[in-house]
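The exercises below ask you to read a model element by element. Please look over the sequence and the structure before you turn to the solutions.

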Amino acid sequence: MALKKALCRLAAVLLALLVWQAAAACINEEILLVSPLRVLKRLSELVTEKGFFRIVLYTLSRILGGFAAGFALGLALGIAAGRFKLLETLLWPYMITVKSVPVASFIVLAVILLSSSRLSVFISFLMVLPIVYTNVLTGIRNTDKKLLQAAKLYRIKGAKKLLYVHFPQLKPYLISACSVSIGLAWKSGVAAELIAIPDGSLGEMLYNAKVYYAMADLFAWTVVIVAVSVAFEKLFVFALKKLFGAVEKL
Amino acid sequence: MSGICIKNVYKSYDGKKVLDGVSLEIPEGRSICLMGPSGCGKTTLLNVLLGLEAADGGSISGVPERTAVVFQEDRLFEDFTVLSNVKAVSDRETALKLVKALGLAGSEKKPVRELSGGMKRRAAIARCIAFNGDFVVMDEPFKGLDEGTKAKVLALVRSALSGKTALVVTHDAEEAKALSAEVVTMTPNGKLL
């Protein structure tokens, strides 16, 4: 069943690539629409260029930093707000602001206050925080009341209660939060780099491609961003599931 | 502790009386089996006694702080192993001993969600005994156990309840007899005979 699904998806991707190739051939203007074959060729050149991995690593480290900070703080605040209703109320205006204000507004504001190298860290952090916080809070709020009663009677408190009662309930919420927020951290982080243009970043590469109308470069770097983002998301969610599995076997 | 005293307890749901002036004394160190038809309010009485639901009237006194419970629906930590569940309320050695005694050896490292209904029941009993509470409450603890297993578990529970204050809900008079417990019967209209 899983193999059939994977094959169907692969076929859909191949079809989409064919449509893209056909459209590029019809337009026949690389500046308007570059063909997938040309992108692939440019990508293979970029990968072998000196400094390619340094550029990827530069952006990856910043987005990873922002994601880790947003994840940790979102988790801690979500747990604390689940315990103390007052904290949830106090945090509400901040979380709702971060969720509703366009990311571009934050980038423009933060570019004045922060150095270009730190901007993507901050923006990624800002995008991840409310998602993780909201999911964790929902997970805590939806904790099985009957398990809470059992824990109370059996005097399971504090960290033990968190581990046995809340942790399993949080699992689907945390995994879902990570899946959503990692992609968002990448999109917003690269957008921040595109505006702040820190030296040797993926954002700078996109900016240069735009300035020189190098469409093959633009598409190739975009493919790199998507690939690294998806790989990071899959790896993180896999590690998270393994962590949950290991804890449950304690 | 001089025992548990339930005095004239009332409880209604949507105007329907479930507990109608229930009074019961459970002397310290004695086991009582509560019997009665399904839906007569046995579980409600346990919930009120454990403080999980508030009574509409009456009083309850003498319930010790350390109460071990086998809930009607197990209420185990499903994602964790059998051993983890029992260890959550006791030390590892006690947990291992009980898991083995209840015939769960070999399954102790399995997550509870992968166990059969009968195995989950035994895991819930293991947790209850491992907690070593001053008061033990069991709501149909032998439900879902085959006859052979039930006899072994009954013997173990009987020995664990020896000298303890306990209230056990059952539908089976033979179980009450095997536990050497005094039997109290609840009528379909929420009264105790």
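**Exercise 1.** Which residues in α4(B) meet which residues in α5(B)?

*Solution.* The model is predicted, so that local features need pLDDT of at least 70 and side-chain atom pairs count only at pLDDT 80 or more, whereas totals for chains, interfaces and linings use all residues. Residues are numbered from 1 along each chain as its sequence is written, chains are lettered from A and ligands numbered from 1 in the order in which they are written, and side-chain values use heavy atoms, with hydrogens and water left out.

Begin with the elements: helices (H or I, at least four residues) and strands (E, at least two) are DSSP runs, numbered from the N terminus. On the side of α4(B), the residues are B:Arg122, B:Ile125 and B:Ile129, and they meet B:Thr149, B:Val153, B:Leu156, B:Val157 and B:Ala160 in α5(B); contact means heavy atoms within 4.5 Å.

Next, sort these residues by class, where Ala, Val, Leu, Ile, Met, Phe, Trp, Tyr, Cys and Pro count as nonpolar, Asp, Glu, Lys and Arg as charged, and the others, Gly among them, as polar. The contact of α4(B) with α5(B) then has six nonpolar, one polar and one charged residues.

Finally, take the geometry: α4 (residues 117-131) and α5 (residues 147-161) of chain B pack at an angle of about 10°, with their axes 11 Å apart. Axes are lines fitted to C-alpha atoms, for helices over the stretch in contact, and angles run from 0 to 180 degrees between N-to-C directions. The two helices α4(B) and α5(B) are therefore roughly parallel to each other, a term for angles under 35 degrees.

**Exercise 2.** In what order do the five strands of the open parallel sheet in chain B stand?

*Solution.* The order is β5-β6-β7-β3-β8 in chain B, where two strands pair if DSSP finds at least two bridges between them. At the edges are β5 (67-70) and β8 (182-185) of chain B, each of which pairs on one side only, and the twist from one strand to the next averages 15°.

Within this sheet, β6 (residues 135-139) and β7 (residues 165-169) of chain B are joined in the parallel sense over five bridges, and B:Val137 stands opposite B:Leu167 in β7(B). Helix α1 (residues 42-49) of chain B lies across β3 (31-35), β6 and β7 of chain B, running at about 150° to β6(B).

**Exercise 3.** What is the strand order of the open antiparallel sheet of three strands in chain B?

*Solution.* The order is β2-β1-β4 in chain B, with β2 and β4 of chain B as the edge strands. Strands β1 (residues 4-13) and β2 (residues 16-26) of chain B pair over eight bridges, and B:Lys11 has B:Leu19 in β2(B) as its bridge partner. These strands, β1(B) and β2(B), form a hairpin with two residues between them, and B:Asp14 in the turn has a positive phi of about 50°.

On the β4 side, β1(B) pairs with β4 (residues 57-61) of chain B over four bridges, with B:Gly57 in β4(B) as the bridge partner of B:Tyr10. Helix α1(B) also lies across β1, β2 and β4 of chain B, at about 120° to β1(B).

**Exercise 4.** How many residues of chain B are in contact with chain A?

*Solution.* Count each side in turn: 24 residues of chain B are in contact with 18 residues of chain A.

Conventions:
Angles under 35 degrees count as roughly parallel, over 145 as roughly antiparallel, 65 to 115 as roughly perpendicular and the rest as oblique.
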